[in-house]
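Here is a brief report on one protein model. Keep the structure open while you read.

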Amino acid sequence: MELAHQPSMWDLAEEATLGPLTGAVTRHELGRGAWVDHLPGWISGSDEILEVLLGDIGWREDRRQMYEREVAVPRLLRWYGGDETLPHPLLAEAREALNAYYGPELGERFVSAGMCLYRDGRDSVAWHGDRIGRGRSADTMVAIVSFGSPRPLMLRPVGGGHSLKFPLGHGDLVVMGGSCQRTWEHCIPKTAKPVGPRVSVQFRPRGVA
């Protein structure tokens with residue numbers, strides 16, 4: 001896949017490495033039992049991983065019915081089950097670090113890794129919550145690690161209200177927890193600004209999608 005991207009001017013590490021979680025993550029209480037943890041630059045040297053993710057890892061284009069016609073989903077997708085080898089060893093290391101840090105609070109492990117490739121500003125995801133499966137009725141967590149050009153992750157309460165914005169790009173981490181998938185929505189909006197590709201890696205427990 002030939003997608004040009006601009007390396008980060010601030011992340012100059014030659015080798016991808018994980019930073020600490022303890023004492024580094026900032027929690028934002030959203031209300032109604034929802035919260036978001038945010039840690040910019042959790043993975044340094046993240047462009048090394050981005051290069052792998054922009055390769056031939058089995059990206060697919062989904063289509064969906066919209067009114068009377070079928071349209072392409074505006075992003076590419078790849079899903080890894082818990083028994084599949086992730087395309088870069090640091091992603092497996094990141095999942096284990098998340099399990100060690102959040103496991104006592106979550107009460108289970110992150111298992112799957114869903115990936116979205118936003119090729120440019122025309123790719124997006126509409127307002128939604130991850131409510132397929134147990135996320136519809138139970139508190140859970142979704143941990144997202146971003147690679148590539150920053151794009152804003154927007155959050156708003158279900159039913160409307162003041163929105164929050166978390167810019168996510170080179171090695172940044174955000175974790176949505178508690179009731180966040182039921183009581184809040186999130187999206188990645190389109191932009192007319194020139195932006196390079198971004199890959200979002202979403203770690204989820206079993207039965208959450």
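## The largest pocket

The model is predicted. By class, the lining of its largest pocket has 15 nonpolar residues, six polar ones and nine charged ones. The lining comprises 30 residues. Cys116, His128, Asp130, Gln202 and Arg204 lie nearest the centre of this pocket. Several strands give two or more residues each to the lining: strand 7 (76–80), strand 8 (110–118), strand 9 (125–128), strand 10 (142–148), strand 14 (184–188) and strand 15 (198–205).

The volume of the largest pocket is about 550 Å³. A probe the size of a water molecule, rolled over the atoms, shows where empty space is left.

Strand 2 pairs with strand 3 (residues 34–39) in the antiparallel sense, over five bridges. Within that pairing, which residue of strand 3 is the bridge partner of arginine 27? The partner is aspartate 37.

These two residues also form a salt bridge. The closest N and O atoms are 2.7 Å apart. Aspartate 37 sits in strand 3 and arginine 27 in strand 2, ten residues apart, so the pair links distant parts of the chain. Side chains of opposite charge can pair when their charged atoms come close. How many salt bridges does a search of the whole structure find? The search finds ten.

Another open sheet has four strands, in the order 9-14-11-12. Its pairing is antiparallel. Strand 9 and strand 12 (164–168) are the edge strands, and each pairs on one side only. Neighbouring strands here are turned by 15° against each other on average, direction ignored.

Strand 11 (residues 151–157) pairs with strand 12 in the antiparallel sense. Five bridges join strand 11 and strand 12. Leucine 155 stands opposite leucine 164, which is in strand 12. Strands of a sheet pair through backbone hydrogen bonds.

Definitions and conventions: Residues numbered from 1 in each chain as written. Predicted model: local features only at pLDDT ≥ 70, side-chain atom pairs only at ≥ 80, totals over all residues. Heavy atoms only, no water. 1 Å grid on protein atoms, 1.4 Å probe; cavity = no way out; pocket = protein on both sides within 12 Å on 5 of 7 lines; lining within 4 Å. Points joined across faces, edges and corners; volume = space filled by probe spheres on them. Nonpolar A, V, L, I, M, F, W, Y, C, P; charged D, E, K, R; others polar. Pairing = 2+ DSSP bridges. Salt bridge = Lys/Arg side-chain N within 4 Å of Asp/Glu carboxyl O. Axes fitted to C-alpha atoms, helices over the stretch in contact; angles between N-to-C directions.
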